[in-house]
Amino acid sequence: MPELPEVETIARGLHKRVAGDTIQSIWLGEKPEPLKSSPREIAKVLEHSKILQVRRVGKHIVFDLKQAGKGGNRLERSGQWVVHLGMTGKMQVTTPDVEIAKHTHAIARLASGREVRFVDPRRFGRLAVMGARPTAATFQAPGDEPLESQAERFIELFRGRKTPIKSALLNQKLLSGVGNIYADEALFRAGIRPRRRAASLTRQQLRKLHGAVQEVLREAIALGGSSINDYVNADGEEGFFQLQHRVYGRESEPCLVCGTPIKRVVIAGRSSHYCSHCQK
């Protein structure tokens with residue numbers, strides 16, 4: 001599943017390519033699973049809406065929209081198109097002459113003549129809109145933004161929790177966007193084993209982990225994310241951070257720091273990779 005750096009990379013690419021364009025119409029496929037909002041609500045919010053910006057919120061891609069009033073109603077209405085890629089979802093910006101891929105669930109036709117297509121073979125991705133009802137709120141992630149969280153706030157979130165620190169990092173209600181790859185990489189840089197109880201960590205260790213999380217995420221964004229399985233960015237290009245992985249996916253390979261074979265354990269159903277010498 002794409003994590004924060006991958007979603008950030010895709011959102012930036014989409015913003016660069018479609019911000020300022022207008023969605024003229026929307027086509028939705030027959031499969032109901034990808035639609036978190038009803039087809040009527042999606043069409044109401046998207047059609048004839050200008051794309052103000054595309055940004056990341058947690059692991060979601062959010063299109064901020066503005067729709068001019070119709071008829072005698074001159075009031076503009078704001079809305080949002082919220083996309084979660086799931087495990088295999090992709091957002092493609094293309095032209096109408098390009099063959100429509102199998103498992104395409106949505107096509108937004110733009111005033112520029114281009115199309116934004118949502119393709120998802122496994123159908124774990126979700127499409128939703130905000131703003132279909134007058135009282136609708138804007139979309140917010142359930143947890144803190146990892147790249148904006150201050151050290152003291154980070155310490156407050158994790159100190160005293162009895163769960164393994166790896167599980168706590170993956171809890172989207174605490175931090176929104178950190179996933180399996182970058183949790184492993186951050187824990188390695190901070191010298192902390194993934195099974196350590198969060199409550200056992202000192203303030204100094206949590207402060208170091210805070211820095212490691214932000215460092216890993218920023219480096220991954222700069223390299224376009226990690227291309228594991230199906231991930232490509234908005235231009236169809238792979239990321240390169242997987243070439244920088246120090247522990248993730250390197251079971252039995254020598255640690256790049258000390259040479260100790262990397263170990264793999266399962267914590268709450270998720271694979272975790274660590275060095276038994278460098279991490280305590």
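Q: What makes two strands count as paired in this predicted model?
A: Two strands pair if DSSP finds at least two bridges between them. Take strand 6 (residues 104–110) and strand 7 (residues 115–119): they share five bridges, in the antiparallel sense. Five set against at least two makes them a pair. One of the places to look is Ala106, whose bridge partner in strand 7 is Phe118.

Q: How do the eight strands line up in the open sheet?
A: The order is 5-7-6-1-2-3-4-8, with antiparallel pairing. At the edges sit strand 5 (90–94) and strand 8 (126–130). Neighbouring strands are turned by 25° against each other on average, ignoring direction.

Q: What makes strand 5 and strand 8 edge strands?
A: Each of them pairs on one side only.

Q: Which strands does helix 1 lie across?
A: Helix 1 (residues 4–18) lies across strand 2 (49–57), strand 3 (60–67), strand 5, strand 6 and strand 7. Against strand 2 it runs at about 160°. Angles over 145 degrees count as roughly antiparallel, so that is the word for helix 1 and strand 2.

Q: Why are helix 1 and helix 6 called oblique to each other?
A: Two packed helices are described by the angle between their axes and the distance between the axes. Helix 1 and helix 6 (residues 203–222) pack at about 40°, with axes 9 Å apart. Under 35 degrees would count as roughly parallel, and roughly perpendicular starts at 65. About 40° falls between those cut-offs, so the two helices are oblique. As for handedness, helix 1 passes helix 6 in a right-handed crossing.

Q: Which residues make the contact of helix 1 with helix 6?
A: Helix 1 brings Leu4, Pro5, Glu8, Thr9 and Arg12, while helix 6 brings Leu217, Ala220 and Ile221. Sorted by class, that is five nonpolar, one polar and two charged residues.

Q: Why is His48 called partly exposed?
A: Its relative accessible area is 46%. Buried would need under 20% and exposed over 50%, so His48 lands in between.

Methods. Residues numbered from 1 in each chain as written. Predicted model: local features only at pLDDT ≥ 70, side-chain atom pairs only at ≥ 80, totals over all residues. Heavy atoms only, no water. Helix = DSSP H or I, 4+ residues; strand = E, 2+ residues; numbered from the N terminus. Axes fitted to C-alpha atoms, helices over the stretch in contact; angles between N-to-C directions. Contact = heavy atoms within 4.5 Å. Parallel < 35°, antiparallel > 145°, perpendicular 65-115°, else oblique. Left-handed = near helix turned anticlockwise from the far one by under 90°. Nonpolar A, V, L, I, M, F, W, Y, C, P; charged D, E, K, R; others polar. Buried < 20%, exposed > 50% of the residue type's maximum accessible area, 1.4 Å probe, protein only.
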